[in-house]
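Hello,

I am passing a structure on to you, and my notes follow below it. Please have a look at it first and then read on.

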Amino acid sequence: MDEVRTLLGGRGLVESPRWHGDRLYFSDWSAGEVIAVGSDGASEVVARVESLPLCTAWLPDGRMVIVSSADGRLLRREPDGFLVTHADLGRPGWNDVVADGRGNVYVNRPGFDPMAGEEFAPGAVALVRPDGSVREVAGDIAFPNGMAVTPGDSTLIVADSYGGGLLAFDIGADGGLSGRRTWADLGDGVPDGICVDAENAVWYADVPHRRCVRVAEGGEVLRVVDLDRGGFACVLGGPGGTTLFVTAAEWRGMTEAEPVTPGSGRVLSVEVDVPGAGRP
């Protein structure tokens with residue numbers, strides 16, 4: 001059995017884990033906080049944004065961008081800690097975000113608000129260029145969720161939670177996407193947050209099945225880490241890049257007033273064999 005450790009607990013709906021420098025950053029959507037935590041469990045709030053979802057990414061120059069979903073903005077955290085507008089996304093309802101090594105930022109959104117009980121509509125991925133311009137670069141994705149960029153900034157992988165698979169797109173010189181294909185059919189898997197490792201495998205977190213799964217291109221399952229609560233997202237980090245950090249909580253449902261049991265949010269960790277690669 002895998003030894004799953006608790007790095008930090010007592011949080012709400014925790015998401016968007018990102019390893020940067022020598023610390024793990026994650027979001028507590030319930031509290032509207034972006035938090036940094038060290039290997040000793042000591043934590044600090046580095047940004048406060050009232051947004052649900054509340055996802056983050058790191059630009060190549062070391063600044064963080066934060067999706068402010070409710071007002072349709074992509075924020076940027078400056079070195080002094082102040083938040084400024086990086087781009088106007090034009091509408092609310094944005095979800096996950098990832099940046100490549102050239103400063104392009106990919107942000108996705110579902111085509112409906114499941115928490116408000118809206119009727120299903122497919123979602124899309126938008127590109128934010130370094131100059132702040134925004135355009136849609138992929139559409140007709142049932143429910144776009146976690147995203148990752150492979151090493152060399154060659155491919156964007158998108159988790160389609162409702163489609164039960166991982167989609168891949170070639171990244172062009174201008175940041176545009178082409179060559180859409182199914183990277184992996186996950187069967188009954190429900191992928192949420194994802195990350196890539198140095199052997200070109202993808203780890204995905206799965207809320208209803210309470211697990212994190214490592215898959216190869218094509219869908220072969222390489223490893224499963226079972227959890228005692230829903231896994232929302234995962235990232236590889238730590239000193240050697242071989243610690244899998246997982247944000248997890250007890251899931252109640254999208255239409256509940258409290259989507260997760262208050263205080264059940266945890267940051268978990270488990271050691272794996274292959275280090276992380278690409279972004280996040």
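Where does UniProt place the feature "domain: SMP-30/Gluconolactonase/LRE-like region"? The unreviewed UniProt entry puts it at residues 15-249; UniProt positions are given in the numbering used here, feature names are shortened, and annotations may be inferred rather than shown by experiment.

Before the rest, some background. This is a predicted model, where local features need pLDDT of at least 70 and side-chain atom pairs count only at pLDDT 80 or more, while totals for chains, interfaces and linings use all residues. Residues are numbered from 1 along each chain as its sequence is written, and side-chain values use heavy atoms, leaving out hydrogens and water.

Residues 15-249 are 0% helix and 55% strand, and the end C-alpha atoms of this span are 9 Å apart. Helices (H or I, at least four residues) and strands (E, at least two) are DSSP runs, numbered from the N terminus.

Strands count as paired if DSSP finds at least two bridges between them. Strand β18 (residues 191-197) is joined to β25 by two bridges, and Val196 has Ala277 in β25 as its bridge partner.

Ser43 belongs to strand β5 (residues 43-48). Leaving aside residues up to four places away in sequence, Ser43 touches Leu8, Ile35, Ala36 and Val37 (contact means heavy atoms within 4.5 Å). Between Ser43 and Ala126 there are 32 Å in space, C-alpha to C-alpha, and the two are 83 residues apart in sequence.

Best wishes
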